[in-house]
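Hi everyone, thanks for making time this morning. Let me put today's structure up on the screen, and then we can walk through it together.

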Amino acid sequence: MTARNAQSWRTLPEVPDTHVVSGAVYTDPAIFDDEKKRVFERCWHLACHESELANPFDFRTFDYVGTPLIAIRGRDGVIRTFMNVCSHRGAKIIHEPAGNAERLTCFYHLWSYDDRGACVDIPRPEAYQTAGLTKDECGLFEVRTETHLGLVFINLDEAAPAVTDYIGEALAPFEASLGSGELEVFHYNRSVLHANWKAWQETNLDLYHEWMHVLLRRTQMTAASMDSRVVKAFKYGHTMGGGLKATYDKYKGMASRDAGMALPGLAPDDFFFVDLWPNAALLARGTAIRIDVVTPIDEKTMLVEWRGLGRKGDSPEVRRTRMQHHNQYWGPLGRNVPEDAFAAEACEAGFRNGAAAYQVLAREENGKGQDDGMLRAWYAEWARRMDRSPADPLRSAAAE
Ligand code: FES
Ligand SMILES: [Fe+2]
């Protein structure tokens with residue numbers, strides 16, 4: 001048989017259930033509603049790097065799967081996060097993406113909150129005396145916030161394990177660099193992609209797709225043997241890929257990276273990455289680190305944020321070179337990230353109308369080479385949290 005007909009197109013291949021993901025996982029609105037409750041309201045979310053809130057009263061606002069939040073560094077140096085929602089009539093309080101403010105004052109009736117979320121000012125408060133409402137009952141809603149290795153995480157679930165328990169050993173390869181306290185964000189870019197949010201995370205879990213990137217074919221696939229690669233899976237679905245190298249001068253216009261520019265704990269030709277379940281990825285390339293965070297907007301649209309980290313105190317010249325290293329691969333006009341965006345949207349185009357029935361994650365190379373093990377580990381955690389089989393997610397839900 002060559003081409004398939006309607007029935008054989010929709011019949012799953014004869015591989016284990018763990019090696020196939022149904023198209024419904026990307027397109028079904030009920031599954032997305034379930035992901036909001038079972039994944040995004042439960043898991044730690046990487047909100048930003050602490051260098052983005054360097055000074056007391058620096059804040060950043062963000063929308064977390066529909067919930068407006070604001071992270072602010074307090075007078076005491078502690079970063080806290082609050083629902084960016086006024087206790088009075090429920091208006092979203094702060095609308096700027098970032099800034100510095102000692103008081104968070106709602107534009108509507110000018111109720112004011114301090115850096116610890118206490119309501120500190122209500123215009124003409126005496127009119128509330130009769131009803132008995134006081135400022136003490138009007139503080140902001142504080143969301144759990146924990147900082148680990150300079151990364152600021154939030155969690156809507158008050159009963160979730162501590163972020164260090166959640167991450168476990170997964171970030172060990174980044175301890176020397178991120179844990180040095182010497183890094184800062186020098187690049188921030190964001191884009192709305194027209195695809196299910198998981199399609200972005202998959203680009204960071206799929207080792208096989210380096211064939212798509214000419215840049216990786218030249219600089220990475222030639223630099224170290226497939227057998228030197230290691231893929232590891234951790235509790236809660238986190239994964240890491242290591243043992244890769246890059247020979248940058250194999251690509252015209254690029255040069256080998258100077259050892260003096262390497263970040264703490266990294267060799268200039270190193271390449272490794274850690275995917276934090278469900279929606280973040282950290283990638284190290286000797287002289288620069290990239291952090292991706294994907295947040296769904298709905299089941300077919302996502303926001304991806306990309307951050308680039310370098311060393312604080314770089315001279316202007318070193319910073320320029322570091323930015324070039326970062327942007328050649330990972331900038332908005334680089335030869336890596338925009339191609340991944342195209343791939344994510346191409347998969348969405350296939351799944352959107354049910355044209356694609358499923359995708360195959362069946363490569364096995366003993367955890368080396370271009371094994372699909374990271375993808376399978378990610379979906380094993382998805383299955384556990386969602387209580388659905390990725391291969392047949394609608395039947396499992398119906399059986400409940
Ligand atoms: S809604 Fe914020 S002060 Fe009234
Ligand atoms: Fe890629």
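Predicted model: local features only at pLDDT ≥ 70, side-chain atom pairs only at ≥ 80, totals over all residues.

On the inside, buried residues account for 52% of the 400 residues in the chain.

Now the overall build. We have eleven helices and 19 strands in the chain. The radius of gyration is 23 Å, close to the 21 Å from the globule rule for 400 residues, so the chain is as compact as a globular protein of that length. If you like to think in boxes, the C-alpha atoms fill one of roughly 80 × 60 × 35 Å along the principal axes. As for contacts between residues at least 6 apart in sequence, 64% of them join residues at least 24 apart.

Next, the metal. Which atoms coordinate the iron ion, ligand 2? They are NE2 of H209, NE2 of H213 and two OD atoms of D340, at 2.0 to 2.5 Å. Along the chain, these donors follow the spacing H-x3-H-x126-D. H213 sits in the loop between helix 6 (197-203) and helix 7 (214-219), while D340 belongs to helix 9 (residues 337-351), so this pair ties together parts that are 127 residues apart in sequence. Are H213 and D340 buried or exposed? Both are buried.

And why do we call the arrangement around the iron ion (ligand 2) irregular? Because its four donor atoms subtend angles of 58 to 144°, whereas a tetrahedral label would need all angles between 85 and 135 degrees.

Methods. Residues numbered from 1 in each chain as written. Chains lettered and ligands numbered in written order. Heavy atoms only, no water. Donors = N, O, S within 2.8 Å, 3.2 Å for Na, K, Ca; no water. Tetrahedral: all angles 85-135°; square planar, octahedral: opposite > 155°, others 65-115°. Helix = DSSP H or I, 4+ residues; strand = E, 2+ residues; numbered from the N terminus. Buried < 20%, exposed > 50% of the residue type's maximum accessible area, 1.4 Å probe, protein only. Rg over C-alpha atoms; globule rule 2.2 N^0.38 Å. Contact = heavy atoms within 4.5 Å.
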